[in-house]
Amino acid sequence: MSEIINNATDRMEKSLTSLNQAFNKIRTGRANPSILDDIKVDYYGNLTVLNQAASISVEEGRSLVISPWDKSLIPEIEKAIMNSNLGLNPSTSSDLIRITMPSLTEETRQDYIKQARSEAENSRVSIRNIRRDANNAVKENQSSGEISEDELRRMEDLIQKETDKFIGIVDSELKNKEADLLEI
């Protein structure tokens, strides 16, 4: 029986991981290398994730500095960043690419907050679906006679406690992301 709860917990943790990845893609006014995680460049004929073709670091909190391992990639990296729909404008100086994070307008902040809330709600729905699946598995075990009615109630309570814990984490993560977005 505990494997049902362990499986549900693992799946809920994956939902949280997915939420954090989605939050990392939502730009704030501060520089964060993870915003470039989805950018791919043509590296000797293969599409390669940017952070595998260059080192990315934060400079002065509001700028990203990209140092490609192969300097011939600089134009390709610039093009990939410009085409990424992130609203970033790279500038090249010798063998480095700098990206200064533009300040967010109030309207942009509100749009990003809506996006963050939507991602958080998707995560909550996913966690509730996992709860439903776990409860159904426990009910199947009870109807087949593997566990008693009391054991069924105890398992459902444990599943609900896990669900509440993970929904609380989602709410906390959302609150932190909103605070980041509202920070000037």
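This is a short tour of a predicted model, stop by stop. Local features need pLDDT of at least 70, side-chain atom pairs count only at pLDDT 80 or more, and totals for chains, interfaces and linings use all residues. Numbering starts from 1 along each chain as its sequence is written, and side-chain values use heavy atoms, with hydrogens and water left out.

**Helix 1 and helix 3.** Select residues 2-25 and 106-143. Helices are DSSP runs (H or I, at least four residues), numbered from the N terminus. The two axes come within 10 Å and cross at roughly 170°; axes are lines fitted to C-alpha atoms over the stretch in contact, with angles from 0 to 180 degrees between N-to-C directions. Helix 1 and helix 3 are therefore roughly antiparallel (over 145 degrees). Their contact holds 14 nonpolar, four polar and four charged residues.

**Ser-15.** Stay on helix 1 and pick Ser-15. Ser-15 is buried, at 9% relative accessible area (buried is under 20%, with a 1.4 Å probe and protein chains only). Beyond neighbours within four places in sequence, Ser-15 is in contact with Ser-123, Ser-126, Ile-127 and Ile-130 (contact means heavy atoms within 4.5 Å).

**The largest nonpolar core.** Next, show Phe-23 and Val-138, which have the most contacts inside this core of 26 residues. A nonpolar core joins buried Ala, Val, Leu, Ile, Met, Phe, Trp, Tyr and Cys residues through side-chain atoms within 4.5 Å. Helix 1, helix 3 and helix 4 (149-182) each give two or more residues to it. Now centre on Val-138. Neighbours within four places aside, Val-138 touches Ile-4, Ile-147, Leu-152, Met-155 and Ile-159.

**Another core.** Finish with Val-41, Ala-53, Ile-81 and Leu-88, which are among the 21 residues of a core apart from the largest one.

How values were computed
Parallel < 35°, antiparallel > 145°, perpendicular 65-115°, else oblique. Nonpolar A, V, L, I, M, F, W, Y, C, P; charged D, E, K, R; others polar. Buried < 20%, exposed > 50% of the residue type's maximum accessible area, 1.4 Å probe, protein only.
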